Amino acid sequence: MFIHLENMYFTYSLGMPFETEVLKNINLKIDKDEFIGLIGHTGCGKTTLIQHFNGLLTPTSGKIYVEGVDLSKKGVNLKLVRQKIGLVFQYPENQLFEETIDQEVSFGPRKLGLPEGKIKKRVREALKMVDLDYSLYAERSPFSLSGGEMRRVALASILSIRPKMLILDEPTANLDPRGRDNILYEIKKIHNNFGMGVVLVSHNMEKVAETVDRLLVMHRGEIIIDGAPRDIFEKNANDLVEMGLGLPQVTECMHKLKAKGKDVYAGVLTVDDAEKEVLKKIKTLKR
Amino acid sequence: MSILIKIKNLNHVYNYHKKDQIKALDSINLEIKNGDFVSIIGSNGSGKSTLAKHLNCLLLPTTGDIRVDKMNTKNKSKTWEIRRKVGMVFQNPDNQIIATTVEDDIAFGLENVGIKTKLMRERVDWALEIVEMKEYKKSEPHLLSGGQKQRVAIAGAIALYSSYLVLDEPTAMLDPRGRKEVMDIVKKLNREENITIIYITHLMEEAAESSRVIALNKGKIALEGKPEEVFTQIEALKELRLDVPQITELALRLNKRGINISPHILKVEDMVESLCLYI
């Protein structure tokens, strides 16, 4: 078990007039090679939750273990935890600050005290992971890039620390469709090729559901659904709609057919899925 | 219907007097009529926002002309009248709200144009009523959700009797519920108040709600037509780096497989109805 959360609660401004309970009774186990999507409405506690994963926030009560180590114990080396769990914040391009992309991506490994040779190697490797050619990009200013490219540089500067798990908070927010697809493709590739665990936080149902293997749905500070995307779309469609999360159009279509008494499988995620299901249905009826 | 916004041979070049010129708009010709609901789609850098900013004199053409109700945007004496007529709402709700209560925020614009207090109160109430935010009149804006903030921003624009509303990706930073709130209000303004809407978006489901879609690419109009005409051009849309509504893609694919389903379907309900004939 890579990350383990046990009966975890978190309250902002505890004991103050604006005290708000943000996380309630979170129990969660994440393996180190999983690919997880965390979805939920704005204000449901997604960002607060992931900030616990690497010790940026400490639970009000309950426990978090990372590789078996209790993060609330005195003397825990949080710096080490943060190397293992790389957190990419929302709009990470706002955190870019160096003069060149090379300097930007080498900042992390340099802070780790690695020798220059190793730093160089890691920078090249990290840029390659996000499909940016070192020779073309290294000396350019990060501020001369497009939004999508800036985001990839920000991602590379986390990857150069070589985390075991990558947590991304709304990595596709504000990108155009191609920028969004590119970054999701990079993340999937990093997961597949390097076996890196990924937790993707988003409210973009459609795209996240077709990318991840496991979906966690949060609502008002609790994880209320946990499972494979297709199962969730089949069984919990009403809950998702009620929470205001919406369904992909094709899933909605299948559920509406079902409501009309048609015998179709509603757990479709993509146009491909829906096409297959409809064709299958028509074929069996012809016979 | 009368033509109210007329764009003729519009070109816009950023850094015109410098070395690193960027041509953002390239020979745009466009007419927007009273009561239209036009959506503008296009990938990042295609010129959408640049075009929007020309509609209320935030930018002026490098060459070409824009006329709003026959007033040329280059005519400096008309700038304020054009800005009052063409309200704008931007992407980030937090950058547009300035006052400490919702009603003050909406009154701000009215104060600026010197409207009398009594009328001001009427306008504020009217605008808040339309965007369904009346009960939040005394609320502090920072306690509102993103969707609510955008509705306040819309109220601020329409309170000035604007007849056009330009919305530049107003839902990009909102979650699905916030998106729906904003979209519902925009549709209502168009239908019930006859406000002409120019709506910039990346989301095809939103653009599908409009009466006309314009796709920009590299500063030029690449596709134009009714939603069902534009969204059925799947290959062209993909080339422009744009999404295709899932349901339209499904309709096209089934149609290609020899199933008699119209490839012009844009709405889930229509697809359900068509499929019911087969399964």
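**Two chains in a predicted complex**

Chain B has an average pLDDT of 92, and 99% of its residues score at least 70. Please keep in mind throughout that what we have here is a predicted model, and that for the complex the predictor gives an ipTM of 0.82 and a pTM of 0.83.

Let me begin with the overall build of each chain. Chain A contains 12 helices and 10 strands. Its radius of gyration is 21 Å, which is close to the 19 Å that the globule rule gives for 287 residues, so chain A is as compact as a globular protein of that length.

Turning to chain B, we find 11 helices and 10 strands. The C-alpha atoms of chain B fill a box of roughly 65 × 50 × 35 Å along the principal axes, and buried residues make up 49% of the 279 residues. In chain B, 62% of the contacts with a separation of 6 or more are between residues 24 or more positions apart.

Now to the sheets of chain A. Strands of a sheet pair through backbone hydrogen bonds, either parallel or antiparallel. One open sheet in chain A has 4 strands in the order β2-β1-β4-β5, and its pairing is antiparallel. At the edges stand β2 (20-30) and β5 of chain A, each with a single partner strand, so one side of each is left without a neighbour in the sheet. If you follow β1 (residues 3-12) of chain A, you will see that it pairs with β2(A) in the antiparallel sense over 7 bridges, and that A:T11 has A:E21 in β2(A) as its bridge partner. Helix α1 (residues 46-53) of chain A packs on this sheet, where it touches β1, β2 and β4 of chain A, and its direction makes about 55 degrees with that of β2(A).

Another open sheet of chain A has 6 strands, in the order β6-β7-β8-β3-β9-β10, with mixed pairing. Its edge strands are β6 (85-88) and β10 (222-227) of chain A, each of which pairs on one side only, and neighbouring strands of this sheet are turned by 15 degrees against each other on average, if direction is ignored. Within this sheet, β3 (residues 35-40) and β9 (residues 214-219) of chain A run parallel and are joined by 5 bridges, with A:I39 standing opposite A:V217 in β9(A).

Next, some single residues. Leaving aside neighbours within four places in sequence, A:G108 is in contact with A:S157, A:S160 and A:I161. The C-alpha atoms of A:G108 and A:L159, which are 51 residues apart along the chain, are separated by 9.1 Å.

A:E67 is not a glycine, and yet it has a positive phi of about 45 degrees; you will find it in the loop between β4 (61-66) and β5 (69-70) of chain A. A:E67 is partly exposed, with 14 other C-beta atoms within 10 Å. In chain B, phi of B:E132 is near 60 degrees, also a positive value in a residue other than glycine, and B:E132 lies in the loop between α4 (117-130) and α5 (146-158).

Finally, where do the chains meet? In this model, 29 residues of chain B are in contact with 31 residues of chain A. On the side of chain B that touches chain A, α6 (176-192), α10 (246-256) and α11 (268-276) each supply at least two residues, and the largest share, 6 residues, comes from α10(B). The residues on that side divide into 16 nonpolar, 6 polar and 7 charged.

Notes:
Residues are numbered from 1 along each chain as its sequence is written. Chains are lettered from A and ligands numbered from 1 in the order in which they are written. This is a predicted model: local features need pLDDT of at least 70, side-chain atom pairs count only at pLDDT 80 or more; totals for chains, interfaces and linings use all residues. A residue is buried if 20 or more other C-beta atoms lie within 10 Å of its own, exposed if 12 or fewer, and partly exposed in between; C-beta atoms are placed from the backbone. Two residues are in contact if their C-beta atoms, placed from the backbone, lie within 7 Å. Ala, Val, Leu, Ile, Met, Phe, Trp, Tyr, Cys and Pro count as nonpolar, Asp, Glu, Lys and Arg as charged, and the others, Gly among them, as polar. pLDDT is the predictor's confidence in each residue, from 0 to 100. Two strands pair if DSSP finds at least two bridges between them. Axes are lines fitted to C-alpha atoms, for helices over the stretch in contact, and angles run from 0 to 180 degrees between N-to-C directions. The radius of gyration is taken over C-alpha atoms; the globule rule is 2.2 Å times the number of residues to the power 0.38.
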